[in-house]
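Visitor: Hi! I'm new to this one. Could you walk me through it?
Guide: Happy to, let's have a look together.

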Amino acid sequence: MNTPAPIATDTIADASPDATSVAPVAPHAPYAPETPTPTTLSLRETLALLASKLDGRLAVPGDPGYDADRTAWNLAVDQRPVAVVTAASADDLVNTVRIARSAGLAVAAQATGHNAGPLTDRGLLSDAILVRTSEMRAVTVDADERVARVEPGAQWGDVVAAVSQYGLTALSGSSHDVGVAGYTLGGGLSWLARAYGIAANHVTAIEIVTADGRLRRIDADRDADLFWAVRGGGGDFGVVAAFEFRLYEIPQIVAGTLFFPFERAEEVLQAWREWTTTVPDSVTSVGRLLQFPPLPDLPAFLSGKSYVVVEAAILESPARADELLAPLRALGPTIDSVHPQATSELLQLHMDPPAPVPGYGDGLMLIELSADTVSAFVRAAGPGSGSTLLSAEIRHLGGAVKPDAARANADRLGLPQPGVTAGFEAEYLVFGVGIPTPGEIGALAASVDRLVTALDPWRADLEYLNFAERVRDPEAFFGERLAKLRQVKRAYDPTRVIRSNHPVDGI
């Protein structure tokens, strides 16, 4: 562990009653930390002081709760920070950032830890306090304005339960336990993406604690550069205290999965590929190879079985959905679960694990999906490949996911113009993942590498931050926008107090 700088006691006086009030900030001069004094505290005294100021709790190595508090959703990731703060309030976020900065420590925020691998692979927690926001899960809905305010530890199951009682829909992740914060900061691809675009484009305001320990409410008019950066730029710019985002009235959707024998992978995925070139933007779908281990918790029809599947969510009437699905149904699926449903049921569609598991995977984006691309995909992960991936999937993008379409959508829907990641020019997204077992991680890593290498000829120029589970050069996510993104980072966090799994400075 790196030795932290001494802490100045004058900089950490008790927070005033308005410590979490949102102060307006002058443009182009955002960073204004307190001036330190020579009086110092040891690391142990610093952490004890921080613990005394928390509404939540602090754990350090050796404490009974440290191992549980540091554990990410991905159980294959071994996080070992200097300390873990399990925050219970925005005050906790403010005090943690202020004290960490003054002590020469960094801060990394995390709600669930689905994509925590790059954070530890870079060694970014060795001199950092990990802030777990998992107990800050309140969701407030203004049904008249169709806006939700969501605390940073909320999972999509929390949000969907809160908004569905008003007949409203959020652009949620693929499972109930996907964290709202990481998903949204990275962009957010929902089952409604081709019709509505990425979730970050529907954020109207964010409450965020920046590296100077100030809680700010940012939007298109206040700290506009920061608001631009955090919408798709990841968690490198501050610790989020709350999001506000737009909700939509979508009373019903037609969605479900068509299951086919695994041996028909080439035939089915080629047909699905052709089908995606014909469907309207109201259809978002995934072509997927699934190899389930024999687990007692799985339904009998999944445990130990393998399938090629097509998952689809269709914003059309049942009759129109049947028309659209006819070419795929003509292939004769062995199971067809597609039916009209409330949008809240979409959290079950992707069949993600219902609880934390160890995982190892990675993804890439494709500029096109040709017949040769599908064949390469099947050879790498399908029948006879020897792949140990539980899931290898291709997501259809396009529609409102395209950046130009997203900007037009913002004007049409009365939303702020998109942030650093408006969407993606890529037409498809690939992701492969497996569950590592003792002695098998090498085979799993080889399976991931084989899939990514096989599709490299069709790789798009830029990648999707949320599906990159290994270390990347930040230019791979942002291209020419990286220069401005780094300017924002320097303006709001010149000493790199805030850490994230995909830092924009590449460190």
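This is a predicted model: local features need pLDDT of at least 70, side-chain atom pairs count only at pLDDT 80 or more; totals for chains, interfaces and linings use all residues.

Visitor: Which helices supply at least two residues each to the lining of the second largest pocket?
Guide: They are α12 (403-413) and α14 (475-478). A pocket here is an open set of points on a 1 Å grid over the protein atoms alone, with protein on both sides within 12 Å along at least five of seven lines; a cavity is a set where a 1.4 Å probe fits but cannot get out, and lining residues have an atom within 4 Å of a point.

Visitor: And which residues lie nearest the centre of that second largest pocket?
Guide: P403, G423, E425, L462 and R481, out of 19 lining residues. The space in this pocket is about 340 Å³, a volume being the space filled by probe spheres set on the grid points, which are joined across faces, edges and corners.

Visitor: How many cavities of 30 Å³ or more are there?
Guide: The search of the whole structure finds 7. The largest cavity holds about 90 Å³, and β11 gives the largest share of its lining, 3 residues.

Visitor: Switching topic: in what order do the strands of the open sheet run?
Guide: The order is β1-β2-β4-β3-β18, with mixed pairing. Two strands pair if DSSP finds at least two bridges between them. β1 (57-59) and β18 (498-499) are at the edges with a single partner strand each, so one side of each has no neighbour in the sheet.

Visitor: In what sense do β2 and β4 pair?
Guide: Parallel, over 4 bridges. A83 has I129 in β4 as its bridge partner.

Visitor: Last one: which residues have the most contacts inside the largest nonpolar core?
Guide: W156, V159, I206, F243 and F245, in a core of 56 residues. Such a core is a set of buried Ala, Val, Leu, Ile, Met, Phe, Trp, Tyr and Cys residues joined through side-chain atoms within 4.5 Å; buried means under 20% relative accessible area, exposed over 50%, partly exposed in between (1.4 Å probe, protein chains only). Apart from this core lies another, of 42 residues, including V310 and L451.

Conventions. Residues are numbered from 1 along each chain as its sequence is written. Side-chain values use heavy atoms; hydrogens and water are left out.
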